[in-house]
Amino acid sequence: MKAEFWHERWEKGEIGFHQHEYNRHMQDFTGRLGIQPGSHILVPLCGKSLDLLWLAEQGYAVTGIEISERAIKDFFVENAIDCKIERQPGATWYRSQAIDLLCVDFFTLDRAQIPPVDAVYDRASLIALPPEMRPAYAEHLARLLEGATCSLLVTLDYPQEEMRGPPFSVTGEEVQRLFGRYFRIEHLHSEDCLAREPRFRKKGLTRLDEHVFLLQKS
């Protein structure tokens with residue numbers, strides 16, 4: 001799953017992972033991040049997520065990281081937001097009043113490229129990555145954060161043999177293995193969401209559980 005995979009998905013419009021409404025878990029649990037309006041939230045692999053809008057509406061400064069320039073341009077056009085473009089070696093900033101999107105490969109992102117991060121929101125980053133890429137993602141995310149920074153993580157858990165990802169299945173046990181050396185982990189919520197996900201039922205899934213975790217950098 002190299003960069004070309006995601007560029008092709010965006011160009012073809014094969015973005016079934018994109019949600020057309022705010023994520024309920026984000027709305028329910030962002031308060032557990034312990035941050036105030038004005039705080040800086042990092043959203044890795046953000047696509048053109050509407051969640052960026054909700055976070056900005058709460059008064060947070062939002063930075064999204066996205067490898068697809070098409071996704072970033074679509075976000076600003078579809079939401080009628082003016083932005084300024086700043087090109088840098090290997091990366092491009094799209095800046096607006098409350099939301100900045102950086103077009104860059106997350107795995108090459110350096111801490112010095114972004115403002116200090118107060119919290120992280122990950123709804124579709126970890127589950128977008130195949131198993132072999134997840135350890136590097138966890139390590140790199142931890143390297144970008146300072147102090148006791150908290151991250152809100154949403155995952156899906158289903159029989160992986162029943163469907164090809166992405167989104168991939170990530171169990172609670174894997175979350176512990178990936179992040180346990182860098183973060184204190186609290187399991188906040190779980191629910192069976194198969195009934196409200198007809199596209200996954202059509203793919204043959206017999207079980208689909210959604211989990212929410214709070215990670216605090218240790």
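1. Strand β9 (residues 209-217) has eight of its nine residues buried, so the rest of the structure largely encloses this strand. Buried means under 20% relative accessible area, exposed over 50%, and partly exposed in between (1.4 Å probe, protein chains only). Strands (E, at least two residues) and helices (H or I, at least four) are DSSP runs, numbered from the N terminus.

2. The model is predicted: local features need pLDDT of at least 70, side-chain atom pairs count only at pLDDT 80 or more, and totals for chains, interfaces and linings use all residues. Residues are numbered from 1 along each chain as its sequence is written, and side-chain values use heavy atoms, with hydrogens and water left out.

3. Strand β9 runs antiparallel to β7 (residues 150-157), joined by eight bridges. Two strands pair if DSSP finds at least two bridges between them. L153 stands opposite F213 of β9, and L156 has E210 as its bridge partner.

4. Nine bridges join β9 to β8 (residues 183-192), again antiparallel. Here E210 of β9 is the bridge partner of E191.

5. These strands belong to an open sheet of nine strands with mixed pairing, in the order β3-β4-β5-β2-β1-β6-β7-β9-β8. Its edge strands, β3 (84-88) and β8, each pair on one side only. From one strand to the next, the twist averages 20°.

6. Helix α4 (residues 69-78) packs on the sheet and touches β2 (61-66), β3, β4 (91-95) and β5 (99-103). Contact means heavy atoms within 4.5 Å. The direction of α4 makes about 160° with that of β5. Axes are lines fitted to C-alpha atoms, for helices over the stretch in contact, and angles between N-to-C directions run from 0 to 180 degrees.
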